[in-house]
Amino acid sequence: MVYSMENEIDTLGIKKALNIEDLTTEELIDLYKNIEDFLAYLKANKEEIKGDEES
Amino acid sequence: MMDKYLEDIDKDKTLVNSYNLEITQGTKKMIEDYHNKMARVKNAEIDRLINKYETLKFQTKEELEKRKAILTPVKTKIDYQAKDEYNSKLCDIVAQENPLSSWQFRYKFRRLLSNLKGNSNAELDKINECIGDIVSVFKKANIPLNKDDFRYSTFAYKYMEMYLSANRTDEDLKDCFNDIYWSCPDFIMHIKLALLKHIRGSEKELKTYLPKHLKESRNELGISSSTNVKKLYKTSMHEYEETRRSDEYKISEKFISRELQPENYIRESSVRINILKKYLNNAPIKGITDEERAKIFETSEEMTNLIYELENYNYFKPLIVEINERLKNKDSYKGKFKEKMKEINKVEKEREKIVSKLFPRKTLFGIKPASTDENFILAQNNTIKNLNGLYEELRIAEINDDIVSKLSEASTIEQALQFCTGHYSYFYNTLFDLLPDHEEITVEEAHDRLLRFAYCPFNEFINKTYISEDIVPEEIISKRYQLLGINISTEDLQDNLDALKKDVEFVERCIDIEKANISFEDLILINKIDKLD
């Protein structure tokens with residue numbers, strides 16, 4: 001699936017579609033690192049389901 | 001634009017943190033159920049975000065790779081290996097045409113013969129190839145060799161009869177080798193002596209054919225007989241260096257592979273300033289001026305060549321000591337060669353007499369069959385073993401005569417080294433063992449290194465220094481640079497040559513980068529992209 005910010009407008013409430021091609025290389029590198037950090041954060045924040053789910 | 005992305009991440013982070021999973025009222029079961037329900041909702045949201053940001057990450061990486069491809073200098077299609085091989089062949093021709101080289105070296109006879117020592121199947125291919133090369137020279141010189149020319153011993157004859165037969169296969173030859181080997185492990189040496197005898201016996205004819213042979217080497221490279229090949233070699237070597245040093249891809253390669261840090265090479269880098277400062281007498285405390293930089297840059301190419309020359313001079317110094325020793329004793333060599341040759345001829349006649357009994361021969365009363373008397377075979381083998389030793393002594397007498405006729409105390413170090421490289425058996429049997437790392441390298445590797453060094457067109461001092469002179473080149477080089485305002489101490493050249501070499505390489509790379517107009521910023525970006533997972 002190719003990511004498109006257009007698809008995210010509703011969810012995020014962003015008015016303007018973003019395009020990564022408009023970023024400078026330095027910014028892209030920075031963004032990449034931020035995404036990596038955030039992905040790690042997301043993965044660490046997943047919740048555990050307590051007790052016996054079936055009961 | 002970038003802020004927008006970061007804001008989004010922040011928003012999503014807030015969203016993730018906004019889920020309240022706990023209630024304080026209700027039974028334990030109700031609290032747990034509520035927690036699980038909300039946890040599932042939160043996890044579903046996190047999964048959606050992971051999917052979204054993984055896609056964005058992939059897309060960002062893809063865009064970065066695109067940028068990297070644009071920033072990376074285009075890989076040139078220059079075939080450096082082919083260029084190097086061409087130069088190597090040119091160097092060979094220069095060496096072959098040098099009067100200091102022996103006539104046998106020009107045919108590579110000694111190099112080929114040195115390979116005839118094997119006693120295992122693994123080396124059999126090489127042995128056969130070398131025999132083939134020698135036989136082929138004889139054929140070209142119109143002195144074709146046939147099986148009867150190998151009646152040097154019964155074993156040499158048996159193998160060469162198979163070798164020269166028209167329809168034999170490699171497998172036949174291998175079987176023949178194994179068959180003979182167990183009866184006489186030394187039979188390759190018999191073939192070697194037989195060939196050596198023919199080379200010596202056909203010296204006149206082979207020398208007559210030599211100009212044609214040398215012309216063939218030139219023709220292979222498309223060089224006319226009127227071309228000054230020494231000059232061509234120098235130009236070609238120079239062009240090679242120029243090409244290599246102006247090849248943007250090649251210059252950038254080590255930065256791209258992260259072997260080198262581009263940050264160290266920018267003008268303001270303290271690493272760069274400190275390296276350049278080392279070369280300046282009265283090094284400035286602050287940075288380096290453009291003039292000072294230019295002065296260092298100007299001398300760096302010459303310095304690279306001098307370090308190469310110095311390194312090799314020290315490596316091959318034992319050879320010069322050897323030559324000087326032999327020259328000191330030159331009066332004792334007179335008549336030795338003739339004396340040895342006479343002795344050999346006598347033993348060769350004995351061998352012929354013994355061997356003739358081992359082949360069927362015509363007599364007045366018809367054909368007399370070959371003797372099967374083991375004593376004759378033993379006598380044949382022992383005589384040839386004795387001859388092998390005598391030929392070795394002859395070789396030493398010959399080399400001594402050659403040294404005296406071609407070299408003197410007034411010869412330069414370069415001439416002496418060219419002599420050494422042009423007398424392969426001398427190098428193989430005597431000089432190689434004098435090299436400091438001879439146990440770690442092959443004779444061929446060492447010989448090739450010597451060949452390249454002795455004929456390097458950029459040598460500065462070995463071609464101007466006599467072998468009898470007692471010099472300390474490090475002192476001469478150091479003094480010369482002091483006069484030019486460049487600080488290189490004798491100690492640097494003697495004890496820290498590797499460190500100096502690295503520094504000079506650094507300076508050369510600075511020059512190449514500046515000349516090629518490569519952007520450090522681009523290299524740094526490429527490097528940063530590569531560091532990403």
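## Briefing: the A–B contact and chain B

The contact takes 42 residues from chain A and 45 residues from chain B, where contact means heavy atoms within 4.5 Å. This is a predicted model: local features need pLDDT of at least 70, side-chain atom pairs count only at pLDDT 80 or more, and totals for chains, interfaces and linings use all residues. Residues are numbered from 1 along each chain as its sequence is written, chains are lettered from A in the order in which they are written, and side-chain values use heavy atoms, leaving out hydrogens and water.

**Where chains A and B meet**

- About 4,400 Å² is buried between chain A and chain B, and carbon and sulfur atoms give 67% of that area. Buried area is the accessible area (1.4 Å probe) that two parts lose on being put together, summed over both.
- Between chain A and chain B there are 5 salt bridges. A salt bridge is a side-chain nitrogen of Lys or Arg within 4 Å of a carboxyl oxygen of Asp or Glu.
- Lys46(A) and Asp47(B) form a salt bridge, with their closest N and O atoms 2.6 Å apart.
- On the side of chain A that touches chain B, the elements giving two or more residues are α1 (5-12) and α2 (25-44) of chain A. Helices here are DSSP runs (H or I, at least four residues), numbered from the N terminus.
- α2(A) gives the most to that side, with 17 residues.
- By class, that side of chain A has 19 nonpolar, 8 polar and 15 charged residues. Ala, Val, Leu, Ile, Met, Phe, Trp, Tyr, Cys and Pro count as nonpolar, Asp, Glu, Lys and Arg as charged, and the others, Gly among them, as polar.

- Helix α9 of chain B (residues 187-201) has 15 residues. From first C-alpha to last, α9(B) reaches 21 Å, close to the 21 Å expected at 1.5 Å a residue. The expected span is 1.5 Å times one less than the number of residues.
- α9(B) is mostly covered, with 12 of its 15 residues buried. Buried means under 20% relative accessible area, exposed over 50%, and partly exposed in between (1.4 Å probe, protein chains only).
- The buried residues of α9(B) include Phe187(B), Leu193(B) and Arg200(B).

**Two loop residues with positive phi**

- Lys108(B) lies in the loop between α4 (103-106) and α5 (109-114) of chain B. Its phi is near 60 degrees, a positive value in a residue other than glycine. Lys108(B) counts as partly exposed because its relative accessibility is 40%.
- Asn142(B) lies in the loop between α6 (124-140) and α7 (154-164) of chain B. Its phi is near 65 degrees, again positive in a residue other than glycine. Asn142(B) is exposed, with a relative accessible area of 67%.

- Thr299(B) lies in helix α14 (residues 290-328) of chain B. Its relative accessible area is 10%, so Thr299(B) is buried. Not counting residues up to four places away in sequence, Thr299(B) touches Tyr481(B), Leu484(B) and Ile486(B).
- Leu90(B) lies in helix α3 (residues 80-97) of chain B. At 0% relative accessibility, Leu90(B) counts as buried. Leaving aside neighbours within four places in sequence, its contacts include Leu221(B), Val229(B) and Tyr233(B).
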